[in-house]
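Dear colleague,

I am handing over the structure we spoke about, and below it you will find an account of what was found in it. Please have it open while you read.

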Amino acid sequence: MPVFTGSELTCLRGDRLVFTGLDFRVAPGEALLLLGPNGSGKSSLLRMMAGLLKPFRGRLAWDGAPVPDDPDGHRAKIHYVGHLDAVKPVLTAAENLAFWAGLGGAADPRASALAALDRLGVPQIAGVPGRYLSAGQKRRLNLARVLAAPAPLWLLDEPSVALDRAAVALLEGIIAEHRAAGGMVAVSTHADIAMPGARELHLDDFTPVTGGNAFDDDAFGDGGIEGEDAA
Amino acid sequence: MHRFANPARFQRLATAILPWSAGATVVLLVVGLYFSLFASPPDYQQGDTVRIMYIHVPAAWMSLFVYTNMAIAAACGLVWKHPLADLFAKAAAPVGAGFTAICLITGSLWGAPMWGTWWVWDARLTSVLILFFLYLGYMALVNAFDDPQRGMRAGNVLLLVGIVNVPIIKFSVEWWNTLHQPASVMRMDGPTVAAPMLVPLLIMAVAFTLYFVTVVLLRLRAEIVQRRIQTMRLTQAAE
Amino acid sequence: MTRFLRLVGRDLRLALRQGSDASIAVMFFVLCVVLFPFGVGPEPNILARIAAGVIWVAALLASLLSLERLFQTDYEDGSLELLALSPVPLEAVVLAKTLAHWLVTGLPLIVAAPILAVLLNMDTAGFGTLVLTLAIGTPLLSLIGGIGAALTLGARRGGVLLSLLILPLYIPVLIFGAGAIDASLHGLTPRPHLLLLAGLLAAALPLAPWAGAAALRQAVE
Amino acid sequence: MLFGTGEPFLPMSEFLAMGGYAAFVWPSYGVAALIMVGLLAATLKSLRSGEATLRALEGSRPARRRRDRAPASASASAVNAPAVSEVREG
């Protein structure tokens, strides 16, 4: 299984420089724990890893092969769980999940959906339409997506939100299993999720002290991009 | 290869160009107005109404010229993520819409004495009217987002869709027109333009182009200032 | 391909379970056409003359009605991000959703149109062409409209803005659609108009999903 | 006709009459001038007010300039040059 790396990543949101010069590396069986205060770019980095956000500078690669060369292949290798639960109110939990499983390439979407719900401890919601689910159940349903179709790299953005202690323990177990089978995980979190031997990445180390601005003269002063603009 | 333009250099370039373009605009406008109002003869058919042509036709040229430039800038903005290209399209749109409005209003004022009606559903008039709506749509879209960056990106896609559609619309409107009103409408291009009329026409066209350059440079400056204000406010909020 | 069908099936299932979209579009279409006799008077000859244009304009407005929600709900509940990250290219996602939109809102219009043509006293010579132009034209409306829906995602007053952006782009479809019917009503062949409509559809089939996907990528970034 | 025809005119009023088409020619030039001057004025106004706001904002926080933490600051050199990147091992 290949190694996923990012090098010299710079994230620009609007004109604000969120982080710069960031490197990371996730090898099979490894986990990456993203830490940092609000606004330090944890979500942005995960979205960047997923491919939703283009890095302003720097590159992402699988075993040295740049992601932009094979975007379809990259998307087949990842699961992304964001803040929104993507649960359709008129579809039952099993239907919701089976759709994503089928799109992700599961051979028997319905069976793997039921198995995944079972694994997350909510087999009873399978036939319940999304609109009747509680926040915690929706969260589990969303997390069940990563089990319903196989993918080596899981990108989990604050997965413990809305989960109770027992569910977090369940999630820890699932992540450990995934890693034991050679999978990779990148998780951002405020609360503690126990991941033995995870690398920690402190995003505030890469956040500039003042807000940067692509349209600020000073940002281009002394040297500048073309190395000739002493203003 | 730089991934984004250098605003400092742009500001210096703008400072260097602005006095010249502004001055040349004024000079050419004065000369052009002299030629179009005094020094050119009235048309033997259309009389003095032909003087409307000297603003109407350059305005029509500009309306297409500006739109094409915006579409090119949009392509650059989408492909190279060039922030100045995004800003250029946004800054140019009101100027282009202004020229299109001038073209429509003067065309109507020209048509009234010549055709006896303020508006005909002539292919040219109709397609310019649609171009005007495309400008308005672009401006509305760009300003409809809380994140200006997002608005400009969406606007870029719209401009590219528009540039594919403009020829289709023009050709379909011409088709529709010939089907419904076969060749009854007097064409505006009329007889080939004689030299005494060509001179003021060309001078006015250059003057309009320089006016466009001047105003767009000023608007770009204003946009950059707005972006800085926004960034400073965001930074303040983050602290 | 099965993934494509899965996408279409999901959107159809959502539309049918929610129920309202399809019926509202048809009801709007019918009401819109029914208003015209009140506006221009019940004179059968006048109605027959304007029938083709009225039906086409009403179809155009009806297809606009539900466009706003084409990507809106997926955008708001996070599904759009996941669709953008699925192994299926985003262009195919746009095409699948557009197809589902057309099946739900465009197809019923084609069925309802001949009935309205009868109400407007249209000559039966034009009925075949009417159905044919709508069959080629309404998918075009959904395709072009899909670009607008993707562009206005997350905009303030997205619905009004969408109409402002899309209606000018609809003009060629309207011209050739109504033109074909007029031609066959006057005993001419509608062939050139129909061929032009089909040509536009052939051009829009690859281009519209491409532009829509480009707009969606901006939206989820 | 605004100025009538066939009567003796000063050259100026004859010029203003535009061969009897004054009601169409002058409004055309007027509208064009109005739109072009209006656009220019609006642009200059927004530029002036924007610059004033920017000055006020910058004046309120003069001490907070860049280079207090050179490589990681928001300068282009930091974007270009290899910046400090620490991946802490947990």
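Please keep in mind that this is a predicted model. To begin with the interface of chain B and chain D, the rule finds 0 salt bridges across it, while 3 residue pairs, both members at pLDDT 80 or more, are in polar contact there. The side of chain B that touches chain D draws at least two residues from each of four helices, namely H1 (7-39), H2 (53-80), H3 (83-115) and H6 (195-238), and H6(B) provides the largest share of that side, with 15 residues. Sorted by class, this side of chain B consists of 25 nonpolar, 9 polar and 7 charged residues.

As for the extent of the interface, 41 residues of chain B are in contact with 31 residues of chain D, and the area buried between the two chains is about 3,100 Å², with carbon and sulfur atoms giving 78% of it. Of the area that chain B buries against chain D, 18% is supplied by Leu37(B), Tyr211(B) and Met232(B), more than by any other three residues.

With best regards

Key: Residues are numbered from 1 along each chain as its sequence is written. Chains are lettered from A and ligands numbered from 1 in the order in which they are written. This is a predicted model: local features need pLDDT of at least 70, side-chain atom pairs count only at pLDDT 80 or more; totals for chains, interfaces and linings use all residues. Side-chain values use heavy atoms; hydrogens and water are left out. Contact means heavy atoms within 4.5 Å. Buried area is the accessible area (1.4 Å probe) that two parts lose on being put together, summed over both. A salt bridge is a side-chain nitrogen of Lys or Arg within 4 Å of a carboxyl oxygen of Asp or Glu. A polar contact is a pair of N or O atoms within 3.5 Å; within protein, one must be able to donate a hydrogen and the other to accept it, and residues adjacent in sequence count only if both atoms are side-chain atoms. Ala, Val, Leu, Ile, Met, Phe, Trp, Tyr, Cys and Pro count as nonpolar, Asp, Glu, Lys and Arg as charged, and the others, Gly among them, as polar.
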